Number of protein chains: 2
Amino acid sequence: MTQPLYQVKAEFFRTLGHPARIRILELLAERDHAVHELLEQIEIEQSNLSQQLAVLRRAGLVSQQRAAGEVTYTLALPLVRDLLRTAREVLLDQVTGQGALQAALRDSLHESA
Amino acid sequence: MTQPLYQVKAEFFRTLGHPARIRILELLAERDHAVHELLEQIEIEQSNLSQQLAVLRRAGLVSQQRAAGEVTYTLALPLVRDLLRTAREVLLDQVTGQGALQAALRDSLHESA
DNA sequence: TTAGCACCTGATGTTTTCTTCAAGTGACGA
DNA sequence: TCGTCACTTGAAGAAAACATCAGGTGCTAA
């Protein structure tokens with residue numbers, strides 16, 4: 001019944017691996033949002049948004065609460081903010097090519113190049 | 001031609017969203033590994049491993065170098081180590097239920113509960 | 001130059017994920 | 001109670017990702 005750890009991790013990352021879901025999480029990282037607010041920011045159909053929110057709910061990444069006739073979503077795991085920030089850093093690193101540069105530098109320490 | 005940022009991010013996370021690829025990255029986070037070494041640790045077929053390595057290569061997450069008749073893979077972006085660590089923290093947070101607890105605590109600061 | 005090891009690639013059938021549509025629920029005001 | 005607003009759910013076809021197989025490349029050593 002217990003899944004291997006690397007499978008849980010993979011599933012977790014796959015949950016983040018969707019444009020709409022990333023946008024949702026980034027918006028929620030700023031502040032809580034009602035569904036209709038998310039809908040304004042993200043150009044997908046309402047029912048599709050609901051589906052994606054359901055995926056995030058099932059994964060335990062967001063939680064919802066109903067109030068004043070609207071449903072508001074919250075980031076269930078505050079640490080996700082850090083994860084998103086780190087991911088941005090990785091992508092920045094990749095884009096500026098510093099990744100390759102650092103690797104080359106590191107190699108030059110124990111190669112004769 | 002230029003893809004929206006959230007799509008790039010989603011693609012990035014999707015690349016991490018596979019059990020074998022996660023294992024590869026975690027092994028490479030420890031130290032460089034030759035393909036046959038990876039094969040010993042991960043229970044998939046050789047050709048499948050190659051496919052997954054190709055995915056990681058295309059995504060720019062790993063790089064390969066040939067030496068002494070074997071191909072060795074390296075983590076191309078050192079920051080990926082941090083990302084994997086943060087992801088572990090998030091999952092730990094989720095599992096211990098501290099996510100919900102922290103959220104409740106945070107809420108209790110500006111609600112009257 | 002041939003053999004063999006280490007690894008990569010392309011094609012193919014299968015599973016999974018996505019999007020969309022249609023129908024459904026639940027709270028609230030008229 | 002009826003309608004409506006805000007949102008969710010289920011089903012189904014389309015698209016993407018996977019695993020596997022067969023064949024291929026490149027290096028090394030005999």
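## DNA strand C

Of the 21 residues around DNA strand C, those that come nearest are Arg14(A), His18(A), Gln51(A), Ser50(B) and Tyr73(B). Within 4 Å of the protein, 65% of the atoms of DNA strand C belong to sugar and phosphate. The model described here is a predicted one.

In the side chain of His18(A), an N or O atom is 2.9 Å from a phosphate oxygen of DNA strand C. Ser47(A) is placed against a base: a polar side-chain atom of Ser47(A) lies 3.0 Å from a base nitrogen of DNA strand C.

The elements that give two or more residues to the surface near DNA strand C are α4 of chain A and, from chain B, α3 (35-41), α4 and β3. The largest share comes from α4(B), with five residues. By class, the surface near DNA strand C has 12 polar, six charged and three nonpolar residues.

## DNA strand D

DNA strand D is surrounded by 21 residues, and the closest of them are Gln46(A), Ser50(A), Tyr73(A), Arg14(B) and Gln51(B). Sugar and phosphate make up 61% of the atoms of DNA strand D that come within 4 Å of the protein.

Gln64(A) has a side-chain N or O atom 3.0 Å from a phosphate oxygen of DNA strand D. For Gln52(B), the distance from a side-chain N or O atom to a phosphate oxygen of DNA strand D is 3.1 Å. Asn48(B) has a polar side-chain atom 3.4 Å from a phosphate oxygen of DNA strand D.

The surface near DNA strand D is made up of 12 polar, six charged and three nonpolar residues.

## The contact between chains A and B

How many residues does each chain bring to the contact? Chain A brings 40 residues and chain B brings 40 residues. The area buried between the two chains is about 3500 Å², and carbon and sulfur atoms give 72% of this area. In chain B, the residues that lose the most area to chain A are Tyr6(B), Lys9(B) and Phe13(B), which together account for 19% of what that side buries.

Polar links are also found across this interface. Eight residue pairs are in polar contact, with both residues at pLDDT 80 or more. There are two salt bridges between chain B and chain A. Glu26(B) forms a salt bridge with Lys9(A), in which the closest N and O atoms are 2.8 Å apart.

On the side of chain B that touches chain A, two or more residues come from each of α1 (5-16), α2 (19-30), β3 (70-75), α5 (79-95) and α6 (98-110) of chain B. The largest share, 13 residues, belongs to α5(B). By class, this side of chain B has 21 nonpolar, 10 charged and nine polar residues.

## The sheet of chain B

Strands of a sheet pair through backbone hydrogen bonds, in a parallel or an antiparallel way. Which arrangement does the sheet of chain B have, parallel or antiparallel? Its pairing is antiparallel, and its three strands form an open sheet in the order β1-β3-β2. The edge strands, β1 (33-34) and β2 (62-67) of chain B, each pair on one side only.

Two bridges join β1(B) to β3(B). Opposite His33(B) stands Tyr73(B), which is in β3(B).

Val62(B) has Leu75(B) in β3(B) as its bridge partner. The hairpin of β2(B) and β3(B) has two residues between the strands, and in this hairpin Ala68(B) takes a positive phi near 50 degrees.

Methods. Residues are numbered from 1 along each chain as its sequence is written. Chains are lettered from A and ligands numbered from 1 in the order in which they are written. This is a predicted model: local features need pLDDT of at least 70, side-chain atom pairs count only at pLDDT 80 or more; totals for chains, interfaces and linings use all residues. Side-chain values use heavy atoms; hydrogens and water are left out. Contact means heavy atoms within 4.5 Å. Buried area is the accessible area (1.4 Å probe) that two parts lose on being put together, summed over both. A salt bridge is a side-chain nitrogen of Lys or Arg within 4 Å of a carboxyl oxygen of Asp or Glu. A polar contact is a pair of N or O atoms within 3.5 Å; within protein, one must be able to donate a hydrogen and the other to accept it, and residues adjacent in sequence count only if both atoms are side-chain atoms. Helices (H or I, at least four residues) and strands (E, at least two) are DSSP runs, numbered from the N terminus. Ala, Val, Leu, Ile, Met, Phe, Trp, Tyr, Cys and Pro count as nonpolar, Asp, Glu, Lys and Arg as charged, and the others, Gly among them, as polar. A residue is near a molecule or strand if one of its heavy atoms lies within 4 Å of it. Two strands pair if DSSP finds at least two bridges between them.
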